[in-house]
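User: I'd like a close look at one strand and its surroundings here. Can you walk me through what sits around it and how it ties into the rest?

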Amino acid sequence: MDLFPIGGLTRLAKSGKGVVKAVDNVAVAAADDVAEVVGKEGGTIGFRYMTEGELKAIQQSGMLRGGNPGKTYFTKDLYKSGAHAQQRLSLPTTPTLRVEFEILNNPTMRLNGSKVLPDFGMPGNGAEFMTTDPVKVRLINWQPLR
Amino acid sequence: MDNKKTYIITTAEPWDLESPDGKNIIRGIILSIVNSYLLVFKANYLLNFEGVSGDILILSPRLKDENFENIATKEIDVNGGLFLDNYNKNFEESKLKENCKFFLIGTLGS
């Protein structure tokens, strides 16, 4: 896969067909059939929906979930409301923040965009990624959720 | 099934759970496997979550194609609800699911 840094812009490119979407602060990873958004360090970009306590733990440790034991789930889905994120991702609590990050290490992914199943009265249907490895990240931004 | 065998739930969410066994660890026993997709777990201590507490967790597989068959020999990703009523082994699946509060995402293993 070739990387094309585009100073200061994020672009989403697909199959060389010219499907391009400008965002911020990323680079393009071009491949024959697969599109992927990568950060300026070349890592995968994702979102985690959380509360203030986890954001502080990430800022202190540089790791999602503060590097605590247990599997790490994240998504590439963008939700603007905490309730919507909770319902689509089947989360036990309502998140208050959407945190965008770039992965700096190379965790082995056990789930790669799997559909979240309905449970506990929530519809699911979001896409989740999961790893058993610690996830070292660079924070890109965080936004309060409605 | 060996009812005294200790099982461990390692939580992914809450990301910062603290129990007497340590960070993100809940130890306990399986009280009942209701069916391949529903299991009753009893923690070794009370768990507190958003103003409620209890030691009975109602677990279901989080991922497609996973189930509780041969649970003694594998790990399963689960969603877990804290049961809010007094547990009775004769409760049916609907009673168990409807009377719990979604509490955790984790991995059940031994």
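Analyst: Phe49(B) stands opposite Val52(B) in β6(B). Here strands are DSSP E runs of at least two residues and helices are H or I runs of at least four, numbered from the N terminus. This is a predicted model, so to say: local features need pLDDT of at least 70, side-chain atom pairs count only at pLDDT 80 or more, and totals for chains, interfaces and linings use all residues. Residues are numbered from 1 along each chain as its sequence is written, while chains are lettered from A and ligands numbered from 1 in the order in which they are written.

Back to the hairpin. Two residues lie between β5(B) and β6(B), and Glu50(B) in that hairpin takes a positive phi near 50°. Strand β5, residues 38-49 of chain B, pairs with β6(B) in the antiparallel sense over seven bridges; two strands count as paired if DSSP finds at least two bridges between them.

Now β6(B) itself, residues 52-61: the strand is mostly covered, with seven of its 10 residues buried. Buried means that 20 or more other C-beta atoms lie within 10 Å of the residue's own; exposed means 12 or fewer, partly exposed is in between, and the C-beta atoms are placed from the backbone. Next to β6(B) there is also β7 (residues 76-83) of chain B, antiparallel to β6(B) and joined to it by five bridges. In that pairing, Ile58(B) has Gly81(B) of β7(B) as its bridge partner.

One residue of that neighbourhood deserves a stop: Phe83(B). Leaving out residues up to four places away in sequence, Phe83(B) touches Gly54(B), Ile56(B), Leu57(B), Ile58(B), Leu96(B), Asn99(B) and Cys100(B), where a contact means C-beta atoms, placed from the backbone, within 7 Å. Phe83(B) also turns up in the largest nonpolar core, which has 44 residues: together with Tyr49(A), Phe41(B), Leu57(B) and Leu59(B), Phe83(B) touches the most other members. Such a core is a set of buried Ala, Val, Leu, Ile, Met, Phe, Trp, Tyr and Cys residues joined through C-beta atoms within 7 Å. Its largest share, six residues, comes from strand β8 (residues 100-109) of chain B.

Zooming out, chain B has one helix and eight strands, in the order β-β-β-β-β-β-β-α-β from the N terminus. Of its 110 residues, 37% count as buried. A compact globule with 110 residues would have a radius of gyration near 13 Å, and chain B agrees with 13 Å; that radius is taken over C-alpha atoms, and the globule rule is 2.2 Å times the number of residues to the power 0.38.

And the partner chain? 17 residues of chain A are in contact with 20 residues of chain B.

Notes
Two residues are in contact if their C-beta atoms, placed from the backbone, lie within 7 Å.
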